[in-house]
Structures are given as C-alpha cells and as structure tokens.
Amino acid sequence: MTEPRSDSPVGQLGEARCFADLIRAEWTGGGGRRRPVMVVEGGHGHGKTHLLRWMGANLRERDIPYAHLDLADPRYYSDVAAVLTDLVSVTANGLGHHRRYYGRLEFPRLWIALLALRLDLGDGDPGGEREQVEQVLQRVRAQDRGSLSWLGDRLDRARDLIPPAELLGPEGAVLDISRWVASVASLGAAGADRAVTWFRTRDRGRNDGEVDSLVALAHSAREPDRADPTRGLTNRQIVTAFLCDALRADMRHAPRRVHALPTPVILLDNAHRGVGPELVQALTQVPGSADPEPLTVVAAGRDSLLRALPEPRDGIGEDAAWTAFRMSALTARDTGRLLAERTDGEVAGDPAERLWEFTAGHPAATVRLVEAWTGVRGRGLHEALAHAPADPGTGRASTRTTEERMLADVLGAALTDLPEDLREALTTCSAARDMDAGLWLYRAQDPPRTVGENELRAHPLWDGERTTVLRRLLLRRLARRASGGPHPDWSTTHRLLADYYQGADPDPERATESEIYHRLCDGQLLRVAWHFEGWLKAPDIGGAAWVRRLRTITGAPMRSRPAPPLHETWRRMWTEEIGEGTSAETEACLKLVAARRILGDPDMFRTDHLHAVCSQALTELSQYCPSGQSHLLDEASAHLEYWRRFHGTA
C-alpha cells in the first residue's frame with residue numbers, strides 16, 4: 001500500500017497528525033476503544049473544506065475507501081437516509097466502491113434498515129405490517145449462500161424504486177416490494193442470517209424480534225417530531241441513531257483483512273447544516289459491542305456543530321466520543337511557506353510578512369492573495385488585488401478580481417449578492433476601528449437604514465485591536481465611493497468618526513488617539529503633527545507610549561496610492577501644510593508623519609530614502625522627549641536598518 005503523504009495543509013499540522021493517527025489500524029488510542037469522531041470547527045473560509053479535500057486526496061492516492069459529502073447540498077437538508085445511502089454507495093464517491101486491498105465493503109444491515117423506512121405499511125394493520133416486513137426478510141434469507149457484494153450495487157441502481165422522499169417526513173415513499181424482490185432475486189446472501197439477526201439484538205442485549213424492530217423503525221420515521229417519553233428522544237433522533245448503529249455494525253463485521261488496514265473514512269463537510277448535527281451526534285454515541293469498528297469519521301462545520309455534541313473531551317483520551325480542532329489563523333511563517341510552495345523555493349520574508357498583515361492570517365483570503373501575488377510576479381499588493389485570474393477549469397479570463405473573490409471568501413457570498421443596504425452599511429462601518437464606533441456611525445446615517453444591527457455584528461468587521469481582512473477590503477471600496485451620493489464618502493465618514501471620539505468615548509487617551517487616527521485618514525497632516533509634538537513634550541507620556549502611538553496612528557489607511565516619484569510626493573505632502581513661524585519640532589513631526597504615511601502602503605515599504613527621512617526625524621525629535629528618549633532612538637535605528645536593507649534594491 002502507498003505510504004501516507006508527508007505534507008500537510010499549511011497551518012493545519014495538528015489536524016493532519018490526528019487524522020493520520022486515527023486511520024492507522026493500530027492507532028495510538030487502541031486497546032479496544034472506539035476511535036473518536038474528529039470535529040473540525042471554524043468560520044467561513046478558514047480552511048475546513050480545503051482540509052477535507054486534502055484528506056480525500058491522501059486517501060485516494062492510497063486506495064483507502066472513503067466517502068466525502070457536503071451536507072450543504074439541498075438533497076441532504078432533512079433526509080438522513082439520502083446521506084447514509086450516498087455514504088455507502090458503490091460509486092467512486094462511496095464506501096462501497098471496489099478498491100484494491102479492501103475489495104468491496106458490504107452494508108447489509110444498513111441497507112435493510114433503509115429499505116424498511118421506505119415500506120408502505122398500509123393502513124396500520126399490525127398483521128399486514130408484519131407480513132410485509134417478513135416477506136422481505138424471507139426473500140433475503142432465501143438467497144444462495146454466496147456473496148452480498150452485489151446487493152449494494154443493485155440497490156444503488158434501484159433508487160428509482162425508492163424515491164428520495166424525506167426520510168423523516170410524514171409521507172413515506174411507497175416501495176413496490178415485488179419489483180424490488182425481483183431486482184435482487186439473483187443475488188447471493190452470505191451473511192444474511194447474521195445481518196437479519198442483528199435487528200433482533202442490535203448488539204445491545206435487546207430481545208425484540210427483527211420484524212418488530214423494523215416495523216417500529218418505520219413507524220418512528222412517520223412521526224419524526226413525536227417524542228418518546230421513555231427514552232427522552234424524538235423519533236427523528238431514534239431513527240438517525242438506529243441507522244448509524246447499523247453502519248457501525250456493518251463495519252465491525254467487515255472482513256478480517258479490513259481490520260488490519262488503514263480504516264475507511266467518512267468526510268462530512270458543512271456538518272452544521274441540515275441533518276448534520278443530529279447525524280454527527282449519533283455517530284459519537286453508538287452503544288453496543290465494545291469491539292471498535294474500522295471506521296474514521298471527520299466532520300467539519302461551524303461552532304453550532306459543537307453545541308449539538310455531548311460533553312467535550314480534550315485530546316484523544318480514553319473513552320473520548322469526539323475530539324475537536326478549531327481552525328486558527330495562519331501565521332506569517334505559514335504565509336511564507338505558501339509563497340515558497342508557489343514559487344518553487346524560498347522567498348524573502350518581507351513579502352510574506354506584508355501579505356500576512358493585510359489578511360490577518362485569514363486562511364482562504366491568504367491563499368487567494370498569495371496565488372494572485374505570484375500570478376502578477378510579485379509586482380505588488382495592489383496589482384495582486386486587482387488581478388483577475390483565469391478560470392482554472394477553462395483557462396478563460398475572468399471578470400472577477402482577487403479582491404472580489406477574497407470578499408466572497410470572507411463573507412461566504414459574493415458582495416453583490418448581499419442586499420444593497422447591508423452591502424453599503426458594511427462598507428461605511430468598515431471605517432470604524434471598533435464595534436461601538438461602527439454601530440454609532442451606522443445609527444448616525446441620514447436617512448436611517450433598514451439593516452438591523454445584529455446583521456452588522458454577524459460579519460467579521462472587528463476583532464479586538466487587530467484590523468480584519470474584511471475591513472481592509474471594504475475600506476478599499478469606501479475609498480472608491482464618490483462624494484455627493486446617497487452614502488457618505490471617505491472624508492465624510494472619517495470626519496464623523498473623529499468628531500464622535502471628541503465627545504463619545506469615556507477613555508480620554510484612547511479617544512484622542514482614535515480621533516487623530518481618523519484625522520490622518522482624512523489627510524489632516526498638520527493637525528496630526530501638532531498632536532505628536534504635544535505628546536512628545538508631555539511629561540506624563542514618555543518615549544515608549546509616543547512610539548506606540550506613532551506606529552498605530554501612522555498605520556491609518558490612505559484613500560489613494562501615493563504617486564511616483566515618491567520623494568516628490570512626500571515633499572509636497574508636508575510643504576503644503578507648513579507655514580511661516582512653524583517650529584523645528586512641528587516640521588520634523590510633519591516630515592515623519594508624511595513619510596510614515598507613504599511607508600504604510602505595503603507596496604511602498606521598501607522605499608529606502610523615506611526610511612532615511614524617518615530615521616533622521618526621530619533622531620532630531622528625541623532631544624525634545626523628557627523621558628524615554630531611547631525608545632525614539634531605537635525606532636530611528638530600525639528605520640536606518642531598513643534603509644540599509646533596501647538601499648539600491650527598490
């Protein structure tokens with residue numbers, strides 16, 4: 001058998017290691033214990049689907065049986081039977097497909113249970129119901145003692161005889177028993193007795209007859225919302241548990257060779273949708289035989305999936321029903337690895353750092369931006385965002401830019417698919433640095449908008465002090481918004497926020513810092529320089545706090561890109577603000593703020609002479625700092641180091 005792949009999805013090494021351990025025949029948590037369900041949780045675009053596709057590719061290369069279903073498919077919304085039918089399908093996408101080393105896996109218990117759910121039990125006459133079920137079971141038992149390997153094949157083809165009505169709906173589909181029996185009459189039935197007997201015991205020490213068990217199952221499916229007071233469950237939960245129990249029993253009775261190989265695998269994407277939570281819960285709570293079945297289940301979904309599961313257990317410890325992994329943001333190192341993979345070698349750390357800062361490590365957005373950056377041969381971030389990559393399937397040019405695709409990755413839908421009021425409200429509120437200011441800005445719009453505040457909160461615009469990739473992308477859209485329209489433009493929005501912080505924030509220091517941040521967004525360089533001069537001379541601030549404010553405020557976004565030549569643009573920016581009688585300290589602050597503004601653009605950071613300007617201005621200003629001068633000098637040294645690094649390379 002092919003060895004497992006040594007690579008793993010970027011930033012998901014822990015998940016890859018857990019998966020590799022679980023599918024091993026001699027997994028480390030063995031000793032007779034059942035493998036826990038592996039639950040992968042994360043927001044939209046955090047790499048869950050990518051991880052499952054990587055797992056599927058790994059399994060496919062090694063000829064390991066697996067089934068990969070997306071439970072967001074409308075077919076599976078309320079139909080557990082459809083999910084389980086496709087999981088054990090004999091097609092290339094199901095566990096029942098023939099594979100080298102494994103042969104074709106058989107699922108007689110599950111197929112008989114699914115069949116019982118489709119029976120038309122007439123008007124509820126107990127004798128008639130039992131007769132129909134007995135007829136089916138007798139036909140199965142009466143087959144030659146050959147193999148059941150073709151049973152799944154014939155049942156798969158006979159789906160037109162079992163219409164895909166909702167599994168737990170009140171109107172079950174009618175099965176033509178005579179036609180079904182005729183379709184399988186030529187099949188062997190080795191193992192039929194064991195399969196039928198299971199319905200009598202279900203590995204639980206129960207004494208119900210097999211006919212009674214199947215009749216009860218069919219009745220439960222007819223009234224899914226009815227509660228069973230003796231068990232504290234709804235009929236829907238009882239039926240789902242029954243089917244999952246049958247699946248695991250079939251796997252326990254798999255041929256001995258299967259138990260010595262890597263386990264077959266079920267991959268469930270978007271498991272928080274539709275029947276997913278109930279299905280995953282049932283897969284974590286399968287009583288019966290203590291013997292573990294050779295089966296690994298991986299379910300990926302949002303955090304609502306975790307709330308449907310029993311008490312969580314950390315790690316893969318003894319008796320753990322499930323083990324959870326939360327998809328985390330990528331690091332700068334992960335971004336560098338992505339760049340290296342796509343450029344066939346090592347790349348300088350600076351591009352990776354800059355791309356990572358823009359995306360804040362959002363997995364899908366980072367992958368998208370890295371691909372575009374390599375697509376434009378590293379010409380710049382703005383070029384990458386404007387890049388419209390060709391369709392990978394057809395090779396034809398696309399009209400959707402990387403920026404638009406990244407927005408869809410983060411939002412879960414194309415921006416143009418959102419209601420206009422929500423789309424414009426998100427764009428306006430992206431100017432705010434925190435949720436409180438953003439909601440105030442939304443309320444301050446005239447005329448009032450119709451989008452609810454909960455809808456705004458539902459989108460990842462804010463994440464503490466960190467600027468999210470959604471904010472960065474929508475700020476670019478805000479910068480393109482024309483003045484005089486129905487929605488506030490860039491300058492109006494930032495002036496409103498600056499005025500808000502003058503009187504609305506209870507923390508005076510934070511309020512002033514935020515106000516000056518938005519003044520700088522509006523291009524008010526002189527006003528910003530005056531504040532930096534005042535902070536520099538204030539005895540209660542000191543050099544460390546001053547440098548922190550310098551980094552935070554001068555990181556404010558610009559509405560438009562600085563035009564080349566950059567040295568001339570920088571000179572024009574500060575000379576237009578300066579007047580007669582301007583002090584040396586004010587002039588130095590103006591030069592510093594103007595230079596840092598330009599360097600804040602990721603594509604301009606390598607401009608060596610602007611780093612030299614910053615180093616000189618900081619050295620000059622340090623003499624006016626009453627305490628903590630060393631912090632300003634350290635910052636000056638950092639800029640000087642950048643000048644040496646980039647000199648002659650830009």
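**Entry 1: helix α2**

I began with what covers the buried residues of α2, and the cover includes α1 (13–23), β1 (37–41), β2 (66–70), β5 (265–269) and β6 (296–301). This is a predicted model, where local features need pLDDT of at least 70, side-chain atom pairs count only at pLDDT 80 or more, and totals for chains, interfaces and linings use all residues. Residues are numbered from 1 along each chain as its sequence is written, and side-chain values use heavy atoms, with hydrogens and water left out.

Helices here are DSSP runs of H or I with at least four residues, strands are E runs of at least two, and both are numbered from the N terminus. I listed the buried residues of α2 (buried is under 20% relative accessible area, with a 1.4 Å probe and protein chains only): Lys 48, Leu 51, Leu 52, Trp 54, Met 55, Gly 56, Ala 57, Asn 58 and Leu 59. After α2 comes Asp 63, with a positive phi near 60 degrees.

**Entry 2: Thr 428**

I found Thr 428 in helix α19 (residues 420–429). Thr 428 counts as buried because its relative accessibility is 0%. Leaving aside residues up to four places away in sequence, Thr 428 touches Leu 441, Gln 445, Arg 481, Pro 488 and Thr 493; contact means heavy atoms within 4.5 Å.

**Entry 3: α18 and α22**

I then looked at helix α18 (residues 402–411) and helix α22 (residues 469–480), whose axes come within 10 Å and cross at roughly 135 degrees. Axes are lines fitted to C-alpha atoms, for helices over the stretch in contact, with angles from 0 to 180 degrees between N-to-C directions. From α18, the contact uses Glu 403, Met 406, Leu 407, Val 410 and Leu 411. From α22, Val 469, Leu 470, Leu 473, Leu 474, Arg 476 and Arg 480 take part.

Conventions: Buried means under 20% relative accessible area, exposed over 50%, partly exposed in between (1.4 Å probe, protein chains only).
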